Amino acid sequence: MSRVLLIGAILMLWSQISTAQDNYVSFELNVFDHPKEKEYIQKYEEAPFLLLQALEPIEAKSFKKWDRLLKRLDKRFKKHAGEVRLLSDIFYITHQLMLSRYETHANFSSTLTDGIYDCVTGTGMYAILLERFKVPYIIIETDEHVYLKGEFEGVPFIMESTFPLEGLIVGLEDVLDFEKKFIGDSDPKEAIRLPNVLGAMSTAVKPSSVFNKIGIKELAGLQYYNDAVLKFNEKAYQNAYIQLIKAAYLYPSPRITDLKEKMEMLLGVVVVEDVR
């Protein structure tokens with residue numbers, strides 16, 4: 001969504017909030033439509049493969065492409081354990097077997113089944129794999145993007161999931177050059193005020209006022225936030241608010257709580273079930 005349209009959407013939201021404040025109503029919203037979603041969020045914070053599926057739960061005991069990827073990478077790990085080359089194996093083989101089509105809005109389940117990914121689900125997949133092979137990393141959140149940063153055998157690296165050919169950045173100088181693109185003049189208030197979807201694939205990186213180090217649980221929250229923004233832009237405000245409740249439970253960041261509070265003002269008095 002363009003910046004002009006986003007500003008228009010915010011102005012529309014505020015005008016509706018003003019009306020809603022004078023006409024409060026009370027109604028009940030069900031937070032979970034699928035029993036698996038509630039189970040994955042409440043019980044599997046330490047099991048990221050399931051937690052990231054919570055947005056669109058799948059009744060599947062195994063995933064053939066994912067299992068094939070793990071078998072292939074396990075063989076590479078035995079061959080290249082302790083070598084920086086392992087990073088290339090993880091990055092490029094995953095793109096080859098799992099990440100086949102980029103879209104601006106995806107969920108982890110569709111990434112597993114259909115290869116449809118965005119920066120959030122692609123980053124989540126790489127994070128799970130890096131944990132499997134004991135590679136230290138952190139997830140970096142900016143205004144409109146997330147990516148992985150780590151150090152392996154003393155060598156800094158970045159995994160930028162949305163670029164299949166150039167997304168693996170290895171070496172201190174190249175890592176610093178990449179991150180300099182996110183540092184510049186930007187309005188920190190604007191990053192919170194405008195509900196942007198994270199995941200835009202563009203070589204023209206914008207300076208960011210957000211530069212947070214997060215984990216997979218918080219990434220799962222951002223997946224819900226993205227879905228909330230999508231529903232907000234579709235004017236499905238109750239559904240957007242429901243997703244923001246779950247997003248804030250997983251990751252109560254300023255951008256998420258700010259939009260959630262605005263939606264509460266828009267909708268009036270809301271009764272919801274407890275997420276915990």
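Predicted model: local features only at pLDDT ≥ 70, side-chain atom pairs only at ≥ 80, totals over all residues.

Biologist: In which sense do strand E4 and E5 pair?

Modeller: Strand E4 covers residues 137-141. A hairpin of four residues joins E4 to E5. Five bridges connect the two strands, and their sense is antiparallel.

Biologist: Which residue in the turn between E5 and E6 has a positive phi?

Modeller: E5 and strand E6 (residues 155-159) run antiparallel and are joined by five bridges. In one of these pairings, Gly150 has Phe157 in E6 as its bridge partner. The hairpin of E5 and E6 has two residues between the strands, and the one with a positive phi, about 55°, is Glu153.

Biologist: Is E5 largely enclosed by the rest of the structure or largely open?

Modeller: E5 has seven residues, and five of them are buried. Because of that count, E5 is largely enclosed.

Biologist: How many aromatic pairs does a search of the whole structure find, and is the pair of Phe49 and Trp66 stacked or edge-to-face?

Modeller: The search finds 10 aromatic pairs. For Phe49 and Trp66, the ring centres are 5.2 Å apart and the planes meet at 25°. Planes under 30 degrees apart count as stacked, so this pair is stacked.

Biologist: How many residues apart in sequence are the parts that this pair, Phe49 and Trp66, ties together?

Modeller: Phe49 belongs to helix H3 (residues 48-51), and Trp66 belongs to helix H4 (residues 64-80). Phe49 is partly exposed at a relative accessible area of 22%, whereas Trp66 counts as buried at 5%.

Biologist: What kind of aromatic pair do Tyr147 and Phe178 form?

Modeller: Tyr147 is buried with a relative accessible area of 0%, and Phe178 counts as buried at 9%. Tyr147 lies in E5 and Phe178 in helix H8 (residues 172-180), so the pair ties together parts 31 residues apart in sequence. The centres are 5.1 Å apart with 85° between the planes, and the pair is edge-to-face.

Biologist: Within what arc do the buried residues of H4 fall?

Modeller: The buried residues of H4 are Trp66, Leu69, Leu70, Leu73 and His80. They line one face of the helix, because seen down its axis they fall within an arc of 105°.

Biologist: Which residues are exposed on the other side of H4, and what covers the buried ones?

Modeller: The exposed residues on the other side are Lys64, Lys71, Lys75, Lys78 and Lys79. What covers the buried residues of H4 includes H3, helix H5 (85-97), helix H6 (108-114) and H7.

Biologist: How many residues of H7 are buried?

Modeller: H7 spans residues 119-132 and has 14 residues. Among its buried residues are Cys119, Met125, Tyr126 and Leu130. H7 is largely enclosed by the rest of the structure, because the number buried is 12 of the 14.

Biologist: Which residue caps the N-terminal end of H7?

Modeller: A side-chain oxygen of the capping residue lies 3.1 Å from the backbone nitrogen of Val120. That residue is Asp118.

Conventions
Residues numbered from 1 in each chain as written. Heavy atoms only, no water. Expected span 1.5 Å × (residues − 1). Buried < 20%, exposed > 50% of the residue type's maximum accessible area, 1.4 Å probe, protein only. Polar contact = N/O pair within 3.5 Å; in protein donor to acceptor, adjacent residues only side chain to side chain. Phe/Tyr/Trp six-rings, centres within 6.5 Å; stacked < 30°, edge-to-face > 60°. Arc of directions from axis to C-beta. Contact = heavy atoms within 4.5 Å. Pairing = 2+ DSSP bridges.
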